[in-house]
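Let's take a walk through this fold together, one piece at a time. Keep the viewer open and follow along.

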Amino acid sequence: MTIPTDPETGEFKRSPNRFTARITADGADGWPVQAGRYRLVVSRACPWASRALIVRRLMGLEEALSVAIADPIQDERSWRFTLDPGGRDPVLGIQFLGEAYRAADPDYDGGISVPAIVDIPSGKLVTNDYPQITLDLDTEWGAHYRDGAPDLYPEKLRDEIDEINRAVHRDVNAAVYEAGFATKQSAYDDAYRRLFARLDELSDRLSRQRYLVGDTITEADIRLFTTLVRFDPVYHGHFKCNRHKLTEMPVLWAYARDLFTTPGFGDTVDFDHIKRHYYQVHEQVNPTRIVPNGPDLSAWAEPHGRADLGGRPFGDGTPPGPPPQDEVVPPQW
């Protein structure tokens, strides 16, 4: 995997999302919400894709929006479907996600990223715009939500959620990659500083309230969780984000365990996929491709005590049911 960095500054430069059409209730972009029409392609290793898996579970969209799970190990041809019989996705009929990208644009030669939503009838990629994908799953698929689905992006809290999301993206979600992929000390130092300054700030906020915004789970919690759950397995060591482990930050560790044990969160997490992807794909960072045996994951199931702060995980809604049998993550401790 080639990691794009600026040769002068040593800073990691993430490629912009090239496909940004939206799937909406009114079909304004030409892609109307329709049950069974689209396929969500994810890797359980990827934090951006994990957001979409969590939202899909929380909103009860499993029947309306099918999912394809890519192998956590990419090759030069992109995310591949080697976990499926014959190495092809059984619905899309393709071996590599890049085929859907090129069906949408035959001249496309950019990065192939997940999450991605593909139009099943045409085989064309619709969107790889990961921030907008979850917001639209939160708000546009209402005709297919389960009974008791939560409101993850309530209108009265959207400005505050958006503000938190911008800060968390810049200084947490993206900063761990900027630290890990930096090729000059100054670039690493800047990302490291911003990361832990923001984590300290978030820790202070969460010492007083159970969730980031309001008294229920929102889009903001989902976006922070997918980075925190990867922190000790990969970001602390592999990406040199090592001032403290998550388990050494008491408030954030309890907050992460609270979410992990909430239906829809931990049951989408695959630590095996996470570790194998980061340590085996990022050869510039880990040339030996050795996957470490640790850390001990059993502590994720320990009591967190966060309920004492109040809050209602699903507001006036209810927890999602168990995941579909073919999406169950194997026990990992």
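Start at I117, which stands opposite T127 in β4. A quick word on terms: helices (H or I, at least four residues) and strands (E, at least two) are DSSP runs, numbered from the N terminus, and two strands pair if DSSP finds at least two bridges between them.

Before going further, keep in mind that this is a predicted model, where local features need pLDDT of at least 70, side-chain atom pairs count only at pLDDT 80 or more, and totals for chains, interfaces and linings use all residues. Residues are numbered from 1 along each chain as its sequence is written, and side-chain values use heavy atoms, with hydrogens and water left out.

Now zoom out from that pair to the whole sheet. Four strands make up an open sheet with mixed pairing, in the order β2-β1-β3-β4. At the edges you'll find β2 (66-69) and β4 (124-127), each with a single partner strand, so one side of each has no neighbour in the sheet. From one strand to the next, the twist averages 35°. Helix α1 (residues 47-59) packs on this sheet, touching β1 (38-42) and β2, and its direction makes about 130° with that of β1. Contact here means heavy atoms within 4.5 Å; axes are lines fitted to C-alpha atoms, for helices over the stretch in contact, and angles run from 0 to 180 degrees between N-to-C directions.

Most residues other than glycine have a negative phi, and most peptide bonds are trans. S78, in the loop between β2 and α2, has a positive phi near 105° despite not being a glycine. The hairpin of β3 and β4 has four residues between the strands, and there G123 takes a positive phi near 75°. As for cis peptide bonds, one joins V114 and P115, with omega about 0°; P115 sits in the loop between α2 (98-104) and β3. Another joins G294 and P295, again with omega about 0°, and P295 is in the segment after α10 (271-281).

What about holes inside? On a 1 Å grid over the protein atoms alone, a cavity is a set of points where a 1.4 Å probe fits but cannot get out, and lining residues have an atom within 4 Å of a point. There are two cavities of 30 Å³ or more.

Technical notes
1 Å grid on protein atoms, 1.4 Å probe; cavity = no way out; pocket = protein on both sides within 12 Å on 5 of 7 lines; lining within 4 Å. Points joined across faces, edges and corners; volume = space filled by probe spheres on them.
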